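Have a go at each one before you read the solution.

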Amino acid sequence: MELDPVSLTLDEMIRMDSHALHQLAKKTAGSLTRHRALLGRLIVAIEQSGAYLEHGCCSGVHYAVLQLGLPHREALRLALVARALECLPYLRFLANEGRIEWSKLREIIRVATEVTEGGWAALCRNHTYAEIEDLVARSRRGEIPPDRPVKNAPRSELRCRFEPDQMAVLERCLQLMSQQAGRVVSAAEAIEMLCAEKLAGHEVDEQQLANVRRESLKDLQWTDVINAETEDCPGNPEIEIVDPKSRFPSKAHRRKILRRDGHVCAVPGCPNTIWLDVHHIIYYSDGGLTVADNLLTLCSKCHKNVHENRLKIVGSAPHGVRFFNQFGKDIREERTLDIAFWLDIWCGWRGSEDYRRYPRAQEASLLAMVA
């Protein structure tokens, strides 16, 4: 009678030789893929047959969450992989046989077709999950995969919080774009396509999308070309920006802006010296240029306050900038009044009422406004 590996204890496994342990681990990992592929097909079958209605559910995924206890995201992923495998017979065969890792399978189904699935399966046998993920990120659906992975630049992650009505619009848009493309369109692809159409001013195809990418990358090129005359002059406020229309200053220019502002948040009274950002006083989206007098050092909290309209900045950096709170009051003047009030309370004053610091600070503020 064959021994059931599930009945083995940890001590019994430790006493096994390394080859047997390796084979058992590979077989178990393969069984995970087999059972997940099977479970995904069951969810899709319950969805398409309407069997979920008998259990008081509204969809196959709802059934998997309510009746099977699966996390919502996992149920969605299982159903997505199962639907994709219906058009990929070779990958479906490998999944049923447990001869491909689940983590790699759920990545390559995004780009594999019946023509290219064999190439993707071969890559899965010879490369790690991180390398497969990198290859998939570089490839479009239906493309023949390269012979070996090429290291890519760090990927960016965008996290957004949506209200229910906003999420409904996004899901409807993804559904419509997926129907038009004949495949599942991810949120990243949809956002890229919509932004490309906005930049181009019309609908774009794959070739036009590639052109928009190239033009956008030109704007994001960071250059370390700096003015040699101002490189070693910390007190010189003139900072040369090579491309004023670029979205970001170069690393060298960012260092100069931080050094000009003393490596501290420029908002009066804010002491933060870490988590510093370089902010456009006139927003880049509103046509503001990436030049020294339009750039200001802000901490992440004050930067957030600006974009949430709790803080308003006007003028030109570094000496002509004014800061206003959400009530329209000048923060620098309010801080001066707060200091004067504190001095009156804690340090006291000598003489008559006219010698109090707070009224004198108010008078100075009014004179400055008149001037």
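**Exercise 1.** Sort the lining of the second largest pocket by class.

*Solution.* Start with the classes: eight lining residues are nonpolar, four polar and nine charged. Here Ala, Val, Leu, Ile, Met, Phe, Trp, Tyr, Cys and Pro count as nonpolar, Asp, Glu, Lys and Arg as charged, and the others, Gly among them, as polar. Next, look around the pocket's centre: K26, G30, G98, R99 and I100 lie nearest to it among the 21 lining residues. Last, ask who gives most: α2 does, with nine residues.

A word on the model: it's predicted, so local features need pLDDT of at least 70 and side-chain atom pairs pLDDT 80 or more, while totals for chains, interfaces and linings use all residues. Residues are numbered from 1 along each chain as its sequence is written, and side-chain values use heavy atoms, leaving out hydrogens and water.

**Exercise 2.** Check the span of α2 and find its buried residues.

*Solution.* Then pick out the buried residues (under 20% relative accessible area, 1.4 Å probe, protein chains only): L24, G30, T33, A37, G40, I43, V44 and I46. Finally, see what they pack against: α1, α3, α4, α5 and α6, with contact meaning heavy atoms within 4.5 Å.

**Exercise 3.** Which residue in β4 is the bridge partner of S316?

*Solution.* Strands β3 and β4 run antiparallel, joined by six bridges. In β4, G320 partners S316.

Terms used
Pairing = 2+ DSSP bridges. Helix = DSSP H or I, 4+ residues; strand = E, 2+ residues; numbered from the N terminus. 1 Å grid on protein atoms, 1.4 Å probe; cavity = no way out; pocket = protein on both sides within 12 Å on 5 of 7 lines; lining within 4 Å. Expected span 1.5 Å × (residues − 1). Buried < 20%, exposed > 50% of the residue type's maximum accessible area, 1.4 Å probe, protein only.
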